[in-house]
Amino acid sequence: MAASAAIQPKPQGMPAAKPAPIDRRRTFAFFCMVFGMFMAILDIQIVSASLAEIQAGLSASSEEISWVQTSYLIAEVIMIPLSGTLSRVLSTRWMFVIASGGFTFMSFMCATATNIEQMIVYRALQGFIGGGMIPTVFASAFTIFPPEKRPVISPIIGLVATLAPTIGPTLGGYLTDLFSWHWLFLVNIVPGIFVTVSTYLLVDFDEPDFSLFKSFDWAGLSFMAAFLGSLEYVLEEGPNNEWFQDEAVLILAIVCAVGAIGFFYRAFTAKQPIVDLRAFADRNFLAGSAFSFVMGIGLYGLTYLYPVYLARVRGYSSLQIGETMFVTGATMFLMAPVAGMLSRKMDPRLMMAIGFGAFAFGTWQITGLTKDWDFWELFVPQIFRGVGLMICMVPINNIALGTLPPDRIKNASGLYNLTRNLGGAVGLAVINTLLNNRLDLHLQRLRESVTWDSSTAMETLNALTMRFQELGTDANAAALKTMANMVRREALVMSFADVFLLLTVLFLGLVCALPFIEKPRAAPAGGGGH
């Protein structure tokens, strides 16, 4: 594959290879695109710390408000693999202009929503249109920059792809606290206009190929939308609705299975498949995508777990959650140049071992979690998480995309980014299911200990009754309710500790698997400068 990549003929319309240094116009255009990708990924998590405020503003129920995040994720997950085909048809320039312009307009519409139904529709459109920016940036990085520039470029796109969801709750908490929830979306408008205009004026990486529309696989698109959209819904909603006991989850699981069969059939039989799965035949790409999937669990799973613990156990506001979560983002920002330097000198497998080892050490530290942990107890684990994310992302990007022929980069970039998002979706589903199951188990065990025969329990109950004595005859009932809440809180904390222990085992397992992976091939000469 490495040899074939080196002699791969250039696709029609692609500019000729340029020796380093890359001209400043292209570099500036690329960084404008990176900023657009940052906004698209940021918006996945920017609402996560402010859902209560949006719920109050739109008079939505607790079941409905989760769709502000779910609708965005489902739509984005459909667009990400589709973007490869669309960018070949429309060209990188027009694909990105449409994606960033549409994302900006839908951000404005989200801010004007007056009910939950409007918000869900606008968020779905925002995620679908804006999702095209993410893989387009990855593809452009490995298309316009030569291999010798990748130690600089890879940490930048790695930082953006992992930093954006990490600081999402922080930025969202600040905006909601200082202004209102509307600013979660209004904040995109001025940068979005700038990215759209600059991309239109500066990007000239390739030319459109409208002839591909003649063989566009509409059936494949329909199957893919049914498959990925239903899969995302089942993974998001299943843990909270007893999985297949819920009618909607069961129906969409069947739709997902049918869609998957149709999608894979079309992928291997259509003249011009909507997604080219041949990239997985490349061992480097397959390995990089597998590690990206697990990194998605670490990235999105931990970005979910920390705020849930801080809100449900510590009772933190969205602003306090954001301030606590800022540690990981700051660490990643500081680690980006270090990751770039290491990528020049170190075996990528060793870098990934260090990264996943840091992940494992950070999650292992939290297995001693108690109800009193706050900013300082979570400080060091978050630093290790930030180090792990940054050290992992750079070699995984280079392994997955660094040796593919230029004509496969666009499709492969979509598949690669999809694995990270699906890893996050699967991780969240598993984490939610484990939290629910372990909570039930620990509640049962604690209830067996907290009985009328327990002297400790009776002493605690009497002390609580004395505290509530101003309530008169209701003092005993208040004490019982408080004690029940204490038991539930302790069971919840124990459930969090169990989940962090499982994540530790997962990351250590990956470290142990790394010696069995072949050392990645060197990038083909000129493979990145087309």
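**Close-up views of a predicted model**

**View 1. Contact between Asp-282 and Phe-285.** A polar atom of the Asp-282 side chain lies 3.0 Å from the backbone nitrogen of Phe-285. Asp-282 is placed in the loop between helix H12 (247-269) and helix H13 (283-312); helices are DSSP runs of H or I with at least four residues, numbered from the N terminus. With a relative accessible area of 2%, Asp-282 is buried (buried means under 20%, exposed over 50%, with a 1.4 Å probe and protein chains only). This is a predicted model, in which local features need pLDDT of at least 70 and side-chain atom pairs count only at pLDDT 80 or more, while totals for chains, interfaces and linings use all residues. Residues are numbered from 1 along each chain as its sequence is written, and side-chain values use heavy atoms, with hydrogens and water left out.

**View 2. Nonpolar surface patch.** Trp-94, Ile-98, Ile-193, Val-197, Tyr-200 and Leu-201 make a nonpolar surface patch of about 570 Å² (patch residues have over 30% relative accessible area and no salt bridge, and nonpolar side chains are joined within 5 Å; a salt bridge is a side-chain nitrogen of Lys or Arg within 4 Å of a carboxyl oxygen of Asp or Glu). Helix H5 (67-112) and helix H10 (189-202) each supply at least two of the patch residues, and H10 gives the most, with 4 residues. Leu-201, in helix H10, is exposed, with a relative accessible area of 54%.

**View 3. Bend in helix H17.** At Ala-412, H17 bends by about 35 degrees, the angle between axes fitted to the seven residues ending there and the seven starting there.

Key:
Patches are made of residues with over 30% relative accessible area and no salt bridge: like charges are joined within 9 Å, nonpolar side chains (Val, Leu, Ile, Met, Phe, Trp, Tyr) within 5 Å. Accessible areas come from the Shrake-Rupley method with a 1.4 Å probe; for residues, only the protein chains shown count as cover. A polar contact is a pair of N or O atoms within 3.5 Å; within protein, one must be able to donate a hydrogen and the other to accept it, and residues adjacent in sequence count only if both atoms are side-chain atoms.
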